[in-house]
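My notes follow, in the order I made them.

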Amino acid sequence: MDNYNKILDKLNAFIAKFYTKMLLKGLLLFLAFGLLFFFAVVGIEYFLWLSSTGRLLLLVLFVGVELYLLWKFIITPLSFLLRWKRGLSNKEASLLIGKHFPEVEDKLFNLLDLAESNSKSELLLASIQQRSMDLSVVPFVKAIDLKENIGYAKYLLLPLFIFAIIWISGDVVSYFSSYKRVVNYDLAYEPPAPFTFRLLTSNLDLLEGKSLTVSLTTEGRVKPESVSIVVDGKEFLLQFKEGLYQYEFTRPLKSTSFYFVSNGFRSKEYFLNVLSAPSIVDFEMFLDYPDYTEREDEVIKSTGNAVFPEGTSVSWRMKTRTTDEVLFNVGDSIQKFQRVGDIFNFSKRVYSDLDYELSISNVNVTSYEKLGYRFNVIRDAFPSLRVEQVLDSLNPNLSYYVGEATDDYRLNTVRLIYFKKGQENKKVLVLSNPNVNYNKFYYTFPSGLDLEEGEVYDFYFEVVDNDAIHNGKVTKSQVFSLVLLNDNQLKYRELVFQKSILKNLDKSLEMSKEQQENLKEINRRDRENSVLSFSDQNRIKDFLKQQEVQEDLMKKFSGQLKDNLKKSEEDSKLKKLLEERLERQELEAKKNERLLEELNKLAEKLDKDELAKRLEELGKKQRNADRNLEQLLELTKRYYIQQKADQLSDNLMKLSKEQEALVDKDVGLDEQQKEQDSLGSKFEEISKEVDELLKDIASLKKPIDLKVDMGNMEDIKKDQRGALEEISKQPKGDKSTSDKAKSKQKSSAKKMKELADDLLAANSGGGGGSSTAEDAEMLRQLLDNLITFSFKQEGLYKSLGQTELSGTVNSAGIKRQQELRELFKHVDDSLFALSLRQAELSEFVNEQITEVYYNLDKALESMAESEMYQGASYQKYVLNAANNLSDFLANVLENLQQSMSPSMGKGEGEGFQLPDIILGQEKLGEKLGEMGKKGSEGGSSGEGKKGKGEEGNSGKNGNEGKDGDGEAGDNGKEGGNGKGKGSKEGQGSETARVAEVEARVVLVEVSRGLVKRN
């Protein structure tokens, strides 16, 4: 019977699944029909807005239909499933199973029928058992397929489709909200407006003091023409802008409710919530300036901007309302004000420009108001300092400084910082503590300084202001560098500078000679051309410009030489004469400037004759100036050589003493070797300077006889090297120098002294008396040669007069004149050599020599062009200049004789003293004057213009004469272009010439007598 029981269980499972399928089917149908009916009921109310009765009937109908559907599709199958009601029997179930399974057919029904039989025989039981066993393999529950219910789900698509249509229409909420009116059938409902109000402004919380604009729109099938807002019972029309209704709540505001109305329809109420905002009632800022600025403290109100000095302390004080916090914001830094009630305080010291913000906050708002301000800080500027250096042109050890210091407040200190070059040990000399904002100070270096001679010092000036913030700011001047020279270095420096000046003067002299050649070319062109052309005018202007430049250079170099001579403390006769000649040369330079100005004016006027005359005058002056300069330059070079020899002698003497001191000096071998090496280097430098001195002497036109034993110098070097080698050979343990080394050191010291003595002896000139006697002898010979030249020139002058009468060119006379010029050149060379040893031979000698050369050249030109009359007049100028020169040299000779021996003049030749020369010159002058007067009485067939000329009477010195109108004597300068009748020489001219010859014989005899006397 077990198999049969299993068959029964399987039948029960089949029946349960059968009703489960029925329940699922009912659920789907309930949902589909129930939703459709719900949509229908809501739709009727949505569109018809039924009355209470209609809504009641509609509600009853809806409930009834829904209950029916629930009973039919849900409760009924559920009661069968739960066996609340009797459902299918086993036989009815077997029939359904037999239909589904063909192999079962009615077998299951027959089995159930046999099982219900009352007779229970074994055969029957066996049959039931067998049949049950056969049917036990059939799965009865598979006869029910639950998936078949899926076909009923299609009924749900209809309500879903209707819902989608409602959703798409956009009125889903209002459509489905109609069920509320059906449920609340007893309430009265009115149909809704054709539009709804929608407030677009979401935030209605507003801070006091601000305004708010609310925006409103309507939604619905109808657009109202106007919308109003009701605030505190007052209605205001909204403005329509850009499709929106707008209204502005203006200040002051308070919390209130409001709503909108339009066409009798009203919106819900809204609430405007006005919040309290923080605010600043009063704002003050206290500025506490630094004490050193001496400015009074200041209070600034209602603003946070300020301009003040660096380091000012700023204090803020704020009185606020409804404020909980005030913040000080600088970049990422935030600091809080201190609060006392409604008062907030904060302090800060400011050193640089500052941009900051002040923000206030309370519970309602954070950083409600940010106030941006700026501090412009005036930095304490560095003091300014300007220092000018003025070097002393006479003393290189002195320099003067003028400084100007300024500051925006006050200057505290002016000081001098000095230190040895290359060292860090700086010393300070406080010059002043001005305590003003402008200070002008003066300082003379090296006053107040502790310096060592021969050391190079760097120094600069500093000013310190009163800036208490930075402990005084310092400004430095430029760095100056000077060396405190000792006497020897000063002298060497002066000599180097003097030598550079002499080189410049040499160059300038060469340029001057080139200018003379240019002037000769201009004069030659002028003689060839009858009219001054434009190109000639430009050539002359260019020459004059170059001449002006040359004059400026000469003036500059002469001034430098004069200043350099003044630096020397030596009070020698040569120095004084050089300075006097430089001063006279400056005066001549000024005269040349005036002459150049006149020439420039004449070049503009194109006055050919006057310009030619002035150019000749310039040429004459220039030749004379060059000769003076050449002589002065040679003398100055000699003076420089003497000074240089003195310095080298001093240096050698000092070095000799140092060498002797080193012999007895008790120092170690290393120190001995070091000092000996230093002495060797010093002597090497001195030997180079001696070589340069010898080169300078050789460059002189008349070299000085300086006897320096060059072998002695080499011996000194050899001894010093030998001493150094001996010291280096000694063992390191020795405490003293070997005797051999000391011997060489002593030898070198002795030879240094000898060399110094040689230089000193050469500088003194050695045997001054004999040198003066030689100069006197040379001067006597010069006078003899000069008088010989004068006699020969006189003879030529006479012969030229005869040639002039015949009107023929005297070639022999020209040749004789050229020979006389060469003779005078020998006199000139000897006189130049003598002038280098006797500075008394001043510019007057050069002036007369220039006059002789000039007139000799002009006489040669006139004779070559058959202008014998003009040539004779130039020869008379030659004679006058030669006589003046003879008289001056005679005076110089007398001075030399007196300097040699005051008792000279007795003995042989006693009657022929210098007064005899003067007397002879006076007699010669008288005779020449008489000759000139007699010549004026003679007649002549020609007429000519007469002008001014020097009278022939010679003064005592032979170079003085009166200027006056009248005829010129033979010994005076010709008055050219004068009017008069008679021959050139006049009557009695022969007698005058004889008297002149006799006077010259007296001069010769006197001169020769002076020569024999010694």
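Entry 1: A salt bridge here is a side-chain nitrogen of Lys or Arg within 4 Å of a carboxyl oxygen of Asp or Glu. Arg-181 sits in helix α8 (residues 178-183) and Glu-45 in helix α1, so the pair ties together parts that are 136 residues apart in sequence. Helices are DSSP runs (H or I, at least four residues), as are strands (E, at least two), numbered from the N terminus. I noted a relative accessible area of 7% for Arg-181, which is buried, and 0% for Glu-45, also buried. Buried means under 20% relative accessible area, exposed over 50%, and partly exposed in between (1.4 Å probe, protein chains only).

**Entry 2: how I read the model.** It is a predicted model, in which local features need pLDDT of at least 70 and side-chain atom pairs count only at pLDDT 80 or more, while totals for chains, interfaces and linings use all residues. Residues are numbered from 1 along each chain as its sequence is written, and side-chain values use heavy atoms, with hydrogens and water left out.

**Entry 3: further charge pairs.** How many salt bridges does the count come to? I get 28. One of them joins Arg-321 and Glu-208 at 3.6 Å, N to O. Arg-321 lies in strand β14 (residues 312-321) and Glu-208 in the loop between β2 (205-207) and β3 (212-220), so this pair links parts 113 residues apart in sequence. Arg-321 is partly exposed at 40%, and Glu-208 is partly exposed at 25%. I also found Asp-353 paired with Arg-374 in a salt bridge at 3.5 Å, N to O. Asp-380, Asp-465, Asp-467 and Lys-473 are linked in a salt-bridge network.

**Entry 4: a glycine in a loop.** I checked Gly-472, in the loop between β26 (456-465) and β27 (474-476). Is Gly-472 buried or exposed? It counts as buried, at 13% relative accessibility.

**Entry 5: two helices.** I then followed helix α13 (residues 669-698) and helix α14 (residues 710-729), whose axes come within 10 Å and cross at roughly 165°. That makes α13 roughly antiparallel to α14. Angles under 35 degrees count as roughly parallel, over 145 as roughly antiparallel, 65 to 115 as roughly perpendicular and the rest as oblique. The axes are lines fitted to C-alpha atoms, for helices over the stretch in contact, with angles from 0 to 180 degrees between N-to-C directions.
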